Amino acid sequence: MVTLALAAPGLATAQSVNLRFSWWGGDARHKATLEAIDLYQKLNPNVKIQAEYGGADGYQQKMKLQLSARTAPDIMQLDQTWLDEITSKGDFFVDFATRKDFNLAAFDPGFLRDFCTFGGQIIGAPTGANGQILLVNTSMATKMGVNVNNLSTWDGLLEEGKKLHAKDPNFYLLSHDTANFMGEVIMGYVKQLTGKAPITDSLELTFTQADLTKAFTWLRAAVDAGVIQPPGEAALYSLKGDQNPKWINQQILCVVDWASNYTRYMIKDVEYRLLLPPTMKNAKTGASTMRPSQELSVNKRSAHVDEAVKFTNWFLNDPEAAKILGDVRSVPVSSVARKAASAAGKINSMTADALEAATASQKVPDQAASLGTQLIEIMNDAAMKVEFKMLAPDQAAAEMIKRTVAKLASIKAASKS
Amino acid sequence: MTTSKANRKGRWTGLLYISPWILGFLVFQLYPIFSSFAYSFTNFDMLSVPDFIGAQNYQELFTEDYDFYNTLWVTLAYVLMAVPLKLGFALAVALLLNAKIRGINTFRTVYYLPSILGGSVTVAILWRFLFMQDGTVNTVLGTLGIPPVPWLSSPDLALFSVSLLTVWQFGSSMVLFLAGLQQIPGELYEAARVDGASRPRMFFRITLPMLSPILFFNLVMQMVNSFQEFTGAFVITGGGPMKSTYLYVMKLYDEAFHFFRMGYASALSWVLFVIIIAFTVVAFKTSGSWVHYSDGGKR
C-alpha cells in the first residue's frame, strides 16, 4: 500500500541529476565557485555537481582531449580563443540562443556578438569582462624617478624605460611575460596603426609589412634600451610573471596583463596603479584589448542538458550567486550579476575603475581565427628573432607575413575539405 | 596422457599464463603502433572524423614545416652531447667505485640515487632553479668572482645545461659498467703489470675492450632514449630560448596536443622511428670493429 502511494502521480520525487563542472583558476576562484555550487545544491537537492578544477597549465589540452574522447564535463569553463578552433571541428556545445531557460537579455548583445558567437551560435556565456591593463608599481617608480604619467604612450614607455635602465642596469621597466606581452605589443601596436582586427573573417591580413615593421622596431628599441628584461631570462617565467624574482624584488616595475589577473602580482605594502596599456598619437583604435575573462559552455552530449543550462544560467545570472562569486572572474558581464555583486561590495573598486577605463578605450576586437595557437606561435617566433637580434624588424615582419599567409591558406583549405 | 597431448596441454598452459601480457601488448602497444601509422596518412585532429590525405603530412614535414629541420639538428646536437658525456661520467665513476675500500657500498648507493629520482618534473624544476640567472650555480660562481653565466637564457648554452640533467642521471649505466668491470679477470691486469704496462695502457688495452659489449649496449640504449628526450627541455626551458632546446619530441607534443594535428604528429613519430632505427643499424654495423666478445664470436 505504501508503495502504491509513493507511485501515485504528483508524489514523484525530482529525478536525481549528477553534473560535472570544470574550471581553472586560483584559490580565490575555487573557494567562491565551490561555495556557489554548495548553494545551488541546497536549492536543488536532487542535483549533485562534481567540481573538477585546477590551475591553468594543461587545462586547454585536457578539455580538448576530453571533448575528443566524448568524456567532457557537462559544464566547462573555456577560453574564447579555443572556442573557434573547437567549433570548427564539430558541434560540441549547446546554443544558448535557442534556450528559453537562459537569460541572454542580461548580456550586452554587442559583447555576445563579438566574443561569444561562433558559426552563428552563442555557444559560450561570458563569465566576466576583461581588459588589458598596465599595472605599475608606483612605490618603486617614484623611488627610481620614473614619471608614471609618461607611460601612456609607446614613446613615453621607451623614454622612461631607457632612463630607468641607465640609472640601474638591474632594473627594467616592463615585464616580458610572453603570453600577454607579445600579443599586446605586436598585434596591439598594429591594430592602433590600422584600426582593424589583424585578420578578417575571410582569413585575409589587414596589415602590411610596413605596419608590422613599426611594431617590431619598437620591440627592438625596447630590448636595446633595456626597457624589458632580456628575452632569454624572461622566457623562463612565461605565464608566471608574478614568480619572476626580478618582479618580486621590485626590479621590474610594470606588467601588462588582464584585469582579472593583476592581484596575483601585488606585493604586500607596495602601492600600485592600474593604467591603460600604451597608445600612440593618432591611434585608430583604443588602448585596451577587451574580451571575456572566460566563457561557460554546456556540453551538447550531456545526459542532463536542461539541468546543465539551468545551472549555468543560475551561476551567471542569479543575484545570490553573484554575491558569492563577486569578481573572481573579473567584473560580471551579466547586468543582473554585476548589479548584485556591486551592491554587495564584492567588486574591487580598482578592478572596476580599470575596466571602465578599458571599456572606454577599447581596441577593435580580434577576429577569432587570429587567436589560433598556430598563428600566435608564428608571431612569437618572429618577435623572438627580433629580440635575439637574429633578424632586423623588416626581415622579421616579412617572414611573419609569409608564414601567416601560408598558414591561413592551409586553414582555409582544411575548412573547405 | 600421451606425450603429444601433454605437450599441447603444457603449451596452452604456458600461453594462458602469459596471456595477460599478450593482451596488454596487443591492446596498448601493437594496436597504437598500427593506428598511429594509419593516422599519419590522415588529417586526424581528434575532434572530427579523420580523412585520408595520402602522404601530405610527410610532404609538409619535409618541404614546408618551418621547425622540422631545426628540431632535428637540435635533437642531434643533444644526442651527440648527452650520450658521450653520460657514458664518460658513468664509466669514470664506475672505475672509482670498483675500488675495494671501506664504505664502498654506501658510495655506490649515493651515486645511483640520481637515477632513482629519474627524469621527473620535480627534478627538472629543481634544475631550472639551479641554473637560472639568480640560481644556485651562479651564486656559487659569484663567490669565486665569476660573473653570472646565462645557462638557460642563452641560445648557445641552454641545450648544454638541459643535457646536464641527463648526464647527472648516469646511475643505471654506471651500474652496468661496474658489473662489467667486476667480471674482468684479474689475471689479465696481473700479467700486464708483470709486462710493465702502465695504468693508461691497461685501461685502453684491457679494460675498454673487455667492457666493449656493455659499452655498446649502453651506447645504443642511451642513444635511443636521448632521441626521445622530452621532460627536461619541456619543464626547464619550454623549448627556448629561440627554440635552441626545442627537441623533436617537444615538436611532436605541440603538434599533437597544442595544435591538435594528431595525423601530422603521427607522421612525425614515424619519421623519428626511422631515424632511430637508422642510427641503431649504423651502431650495429660498426660494432664489429670495436666490440669484443669474450667467446670471440660476433653478434
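Visitor: Where does Asp269(A) lie?
Guide: Asp269(A) sits in the loop between β9 and β10 (272–275) of chain A. Keep in mind that this is a predicted model.

Visitor: Noted. Is Asp269(A) buried or exposed?
Guide: Asp269(A) counts as exposed, because its relative accessibility is 73%, and the cut-off for exposed is over 50%.

Visitor: And what about the phi of Asp269(A)?
Guide: Phi is near 65 degrees for Asp269(A), a positive value in a residue other than glycine. Most residues other than glycine have a negative phi.

Visitor: What is the phi of Met46(B)?
Guide: Met46(B) has a positive phi too, about 75 degrees, and is not a glycine. Met46(B) is in the loop between α1 (3–39) and α2 (56–63) of chain B.

Visitor: Buried or exposed, that Met46(B)?
Guide: Met46(B) is buried, with 12% relative accessible area.

Visitor: Where is there a cis peptide bond?
Guide: A cis peptide bond joins Gly240(B) and Pro241(B), with omega about -10 degrees. Pro241(B) is in the loop between α11 and α12 (248–258) of chain B.

Visitor: Let's switch to arginines. What does the side chain of Arg291(A) make a polar contact with?
Guide: The side chain of Asp79(A), at 2.6 Å. Arg291(A) belongs to strand β11 (residues 290–292) of chain A.

Visitor: Why does Arg291(A) count as buried?
Guide: Arg291(A) counts as buried because its relative accessibility is 12%, and the cut-off is under 20%.

Visitor: What does Arg291(A) touch, leaving out residues up to four places away in sequence?
Guide: On that basis, Arg291(A) touches Asp79(A), Gln80(A), Thr81(A), Phe111(A), Phe115(A), Gly128(A), Ala129(A), Asn130(A) and Trp258(A).

Visitor: And Arg99(A), where is that found?
Guide: In the loop between α4 (80–87) and α5 (109–115) of chain A. Arg99(A) counts as buried, at 18% relative accessibility. The side chain of Arg99(A) makes a polar contact with the side chain of Asp306(A), at 2.8 Å. Beyond four places in sequence, Arg99(A) touches Val94(A), Val305(A), Asp306(A) and Val309(A).

Visitor: Which helix holds Arg205(B)?
Guide: Helix α10 (residues 199–227) of chain B. Arg205(B) is exposed, with a relative accessible area of 59%.

Visitor: On to the cores. How many residues has the largest nonpolar core?
Guide: The largest nonpolar core has 53 residues. Those with the most contacts inside it are Leu151(A), Leu174(A), Ile186(A) and Phe216(A). Helix α8 (residues 178–194) of chain A gives the most to this core, with eight residues.

Visitor: What is Ile186(A) in contact with, neighbours within four places in sequence aside?
Guide: Ile186(A) is in contact with Phe181(A), Leu212(A), Ala215(A), Phe216(A), Leu219(A), Met379(A) and Ala383(A). There is also a second, separate core of 43 residues, which includes Val79(B), Val93(B), Leu211(B) and Met262(B).

Visitor: Which strand has Cys254(A)?
Guide: Strand β9 (residues 252–258) of chain A. Cys254(A) counts as buried, at 0% relative accessibility. Cys254(A) and Leu134(A) are 120 residues apart in sequence, yet their C-alpha atoms are 6.5 Å apart. Leu134(A), Leu151(A) and Leu174(A) are among the residues Cys254(A) touches.

Visitor: Now helix packing. At what angle do α7 and α9 of chain A pack?
Guide: Helix α7 (residues 154–167) and helix α9 (residues 209–224) of chain A pack at about 15 degrees, with axes 9 Å apart. So α7(A) is roughly parallel to α9(A). Their crossing is left-handed.

Visitor: Which residues make the contact?
Guide: Trp154(A), Asp155(A), Leu157(A) and Leu158(A) come from α7(A), and Trp218(A), Ala221(A) and Ala222(A) from α9(A).

Visitor: And in chain B, how many residues of α7 are buried?
Guide: Eight of the eleven residues of helix α7 (residues 158–168) of chain B are buried. The buried residues of α7(B) pack against α3 (68–97), α5 (121–131) and α11 (231–236) of chain B.

Visitor: How do α3(B) and α7(B) cross?
Guide: Their axes come within 9 Å and cross at roughly 40 degrees. α3(B) and α7(B) are therefore oblique to each other. The crossing of α3(B) and α7(B) is right-handed. Residues making the contact include Val74(B), Tyr78(B) and Phe89(B) of α3(B), and Leu159(B), Phe160(B) and Val162(B) of α7(B).

Terms used:
Residues are numbered from 1 along each chain as its sequence is written. Chains are lettered from A and ligands numbered from 1 in the order in which they are written. This is a predicted model: local features need pLDDT of at least 70, side-chain atom pairs count only at pLDDT 80 or more; totals for chains, interfaces and linings use all residues. Side-chain values use heavy atoms; hydrogens and water are left out. Helices (H or I, at least four residues) and strands (E, at least two) are DSSP runs, numbered from the N terminus. Buried means under 20% relative accessible area, exposed over 50%, partly exposed in between (1.4 Å probe, protein chains only). A polar contact is a pair of N or O atoms within 3.5 Å; within protein, one must be able to donate a hydrogen and the other to accept it, and residues adjacent in sequence count only if both atoms are side-chain atoms. Contact means heavy atoms within 4.5 Å. A nonpolar core is a set of buried Ala, Val, Leu, Ile, Met, Phe, Trp, Tyr and Cys residues joined through side-chain atoms within 4.5 Å. Axes are lines fitted to C-alpha atoms, for helices over the stretch in contact, and angles run from 0 to 180 degrees between N-to-C directions. Angles under 35 degrees count as roughly parallel, over 145 as roughly antiparallel, 65 to 115 as roughly perpendicular and the rest as oblique. A crossing is left-handed if the near helix is turned anticlockwise from the far one by less than a right angle, and right-handed if clockwise.
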